[in-house]
Amino acid sequence: MLDYDLHCHSNVSDGTLTPAELVMRAAGREVRVLALTDHDDVAGLPEAARIAAQHGIEFVNGVEISVTWRKHTLHIVGLHIDPQNAALTEGLRGIRSGRRHRAELMAESMARCGIGGVLEGALRYASNPDMIGRTHFARYLVEAGHCKDVRSVFNRYLVKGKPGYVPHTWADLQDAISWINGSGGVAVLAHPGRYTAGRNAMGKTTLLELLKEFVELGGQGIEVVSGSHTPPQYAEFARYAKEFDLLCSCGSDFHGPEESYRDLGRLPDFPLECRPVWTLWEGTAA
Ligand code: AMP
Ligand code: MN
Ligand code: MN
Ligand code: MN
């Protein structure tokens, strides 16, 4: 069992717990090293770091940056970033500024198919209105009785081809990686299994092109053990890690106790050949 959890969300983005509550939950679940990786925002890090210190948890400053690469939305996790770094914080501010407009378009589109008041409803779920996102819409639509759970709202309304989906251009891959690296962090390709499965999946050739470009641009890690992956995907992405000489990361992608995501911590061990990303900061690289 891994006692590192390097990917999770607080209510600064689309998680349901405050940063302090999240860290306390991690402490209760035997997480020894924790990174908070909110989408496109670093505002939760100081509180999380403070509470982690009180609970003897080693805390890693993190972020999960939304990126548009070709026609795909990707997420790039930055670990050990400097949350004060100006290029990083300006870059994240730019990404957040597009979210409100997208939310308005989403609400208009839902209204056209007869579901009104969605923006106001979603905003009630966004503790940080700057970071309004699809998960907040989903929570409101469950409350309003349109679907039984968040997952079904996504399938019915919020993914490509559905009425509440609005295409959006996020950061460039190159920019995201350079903001992370420029602030002293390490860039990790988040949950690659989500890009190769389901509707709009990228094929294997495209994934190989992505990995090549990611490495050329300075990316150094890939999530292998993720709450978004199945066990066969751990092995699959461990093989890609080896092929592209990438360090391996792990994280639950926890968003809240009420939702059917994996809980914090207690992730299964890496496949044998993986080199953990923390060898970089623990100075144990071979
Ligand atoms: P956004 O950045 O606003 O487009 O929202 C993306 C977030 O929606 C992800 O970080 C997940 O938390 C959530 N999400 C995406 N797809 C799904 C899905 N199929 N089921 C549940 N949650 C999802
Ligand atoms: Mn999320
Ligand atoms: Mn993600
Ligand atoms: Mn995430």
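Two strands pair if DSSP finds at least two bridges between them; strands (E, at least two residues) and helices (H or I, at least four) are DSSP runs, numbered from the N terminus. This is a predicted model, in which local features need pLDDT of at least 70 and side-chain atom pairs count only at pLDDT 80 or more, while totals for chains, interfaces and linings use all residues. Residues are numbered from 1 along each chain as its sequence is written, ligands are numbered from 1 in the order in which they are written, and side-chain values use heavy atoms, with hydrogens and water left out.

**Exercise 1.** Find which strands pair with β5, and in which sense.

*Solution.*
1. β4 pairs with β5 in the antiparallel sense, over four bridges. Within this pair, G78 is opposite A187 of β5.
2. β6 (residues 221-226) runs parallel to β5 and is joined to β5 by two bridges. V188 has G221 as its bridge partner in β6.
3. From β5 the chain passes through α8 to β6, a right-handed β-α-β crossover (with the strands pointing away from the viewer, the path from the first strand over the helix to the second runs clockwise).

**Exercise 2.** Identify the donors of the manganese ion (ligand 3) and where the histidines lie.

*Solution.*
1. Donors are N, O and S atoms within 2.8 Å of the metal (3.2 Å for Na, K and Ca); water is not among the atoms, so sites may look incomplete.
2. E64 (OE), H75 (ND1) and H191 (NE2) coordinate the manganese ion (ligand 3) at 2.1 to 2.2 Å.
3. H75 lies in β4 (72-79) and H191 in the loop between β5 (186-189) and α8 (204-216), so the pair ties together parts 116 residues apart in sequence.
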